[in-house]
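I open this notebook to record what I looked up in one protein chain.

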Amino acid sequence: MTQIVNETDLLMNSTLVEELQDWKRRQQVACIGGPLHNGLDQLQNCFTLLAESLFQLRRQLEKLEEQSTKMTYEGDPIPLQRAHLLERVTFLIYTLFKNSFVVERQPCMPTHPQRPMVLKTLIQFTVKLRLLIKLPELNYQVKVKASIDNQDFLSSNRRFVLCGTHVKAMSIEESSSGSLSVEFRHLVSLAVKLHKLFSPSKLDTFKLIGLII
């Protein structure tokens, strides 16, 4: 089981994360007039399969704990190894969820859908976010809050706020492909121009298969 955890760690932190970073770079190019980017569906399949595998590993480790309480012997290595592996698997699950939260469509005004990141004050804009882990248990369980990080504008002595619905739950109904998504359609900025890609900063806490994420 240690080898399985090691291979899962390597797969996530090398191949999968690199593929995600490549998609984000292609999204940046698309925002300045490059070809349209795709590939999220394939990434979603990989993230989902990996999440299912990690949760299965976690359940197996919990069963080992139950068995060790019923039958054990002096010098039994399972209790110590189990605790260490469970800690690693839990950390991998947290990391996987953090990386799986992406901005599928950058902020744009409905009147200029091909010009993301160019926003006018007092004009509505939309932004769509997606969780690349598609599990039925997550539907309507993950809430997302939209906000502006004013740290980027401290030198200008200006502050910006968003008007509109700030908090929404992610659901499969938000996407035609059935992915777990959320779209903010009626946000309005009082005084701001965005000069960098929008990025999610924090996921709400939720409980999944006995684990608080």
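**Entry 1: the buried side of α3.** I listed the buried residues of α3, and they are R82, L85, L86, V89, T90, L92, I93, T95, L96, F97 and S100. Buried here means under 20% relative accessible area, exposed means over 50%, and partly exposed lies in between, with a 1.4 Å probe and protein chains only. I noted that the model is predicted, that local features need pLDDT of at least 70 and side-chain atom pairs count only at pLDDT 80 or more, while totals for chains, interfaces and linings use all residues. I also noted that residues are numbered from 1 along each chain as its sequence is written, and that side-chain values use heavy atoms, with hydrogens and water left out.

**Entry 2: the length of α3.** Helix α3 covers residues 78-100, which is 23 residues. I found a reach of 32 Å from its first C-alpha to its last, close to the 33 Å expected at 1.5 Å a residue. The expected span is 1.5 Å times one less than the number of residues.

**Entry 3: the whole chain.** I then asked how many helices and strands the protein chain has. There are three helices and eight strands. Helices (H or I, at least four residues) and strands (E, at least two) are DSSP runs, numbered from the N terminus. In sequence order I read the pattern α-α-α-β-β-β-β-β-β-β-β. The chain has 213 residues, and 39% of them count as buried. Its accessible surface comes to about 12900 Å², with 54% belonging to carbon and sulfur atoms; such areas come from the Shrake-Rupley method with a 1.4 Å probe, and for residues only the protein chains shown count as cover.

**Entry 4: α1 against α3.** I looked up how helix α1 (residues 2-31) packs with α3, and found an angle of about 15° with the axes 11 Å apart. This makes α1 roughly parallel to α3, a label for angles under 35 degrees. Axes are lines fitted to C-alpha atoms, for helices over the stretch in contact, and angles run from 0 to 180 degrees between N-to-C directions. On the α1 side, the residues making the contact include V5, D9, M12, L16 and L20, and on the α3 side they include L85, V89, L92 and L96. Contact means heavy atoms within 4.5 Å.

**Entry 5: L61 and R82.** L61 is found in helix α2 (residues 40-70), whereas R82 is found in helix α3. I asked how far apart L61 and R82 are in space, C-alpha to C-alpha. They are 6.2 Å apart, although 21 residues separate them in sequence. L61 counts as buried because its relative accessibility is 0%, and R82 counts as buried at 12%. Leaving aside neighbours within four places in sequence, I found L61 in contact with M1, R82, L85, L86 and V89. With that exclusion applied to R82, its contacts are L61, L64 and E65.

**Entry 6: H84.** H84 is found in helix α3. Its relative accessibility is 47%, so H84 counts as partly exposed. H84 and T2 are 82 residues apart in sequence and 9.7 Å apart in space, C-alpha to C-alpha.

**Entry 7: a loop residue.** Y140 lies in the loop between β2 (124-131) and β3 (143-145). Most residues other than glycine have a negative phi. I found that the phi of Y140 is near 65°, a positive value in a residue other than glycine. Y140 is partly exposed, with a relative accessible area of 47%.

Technical notes:
Angles under 35 degrees count as roughly parallel, over 145 as roughly antiparallel, 65 to 115 as roughly perpendicular and the rest as oblique.
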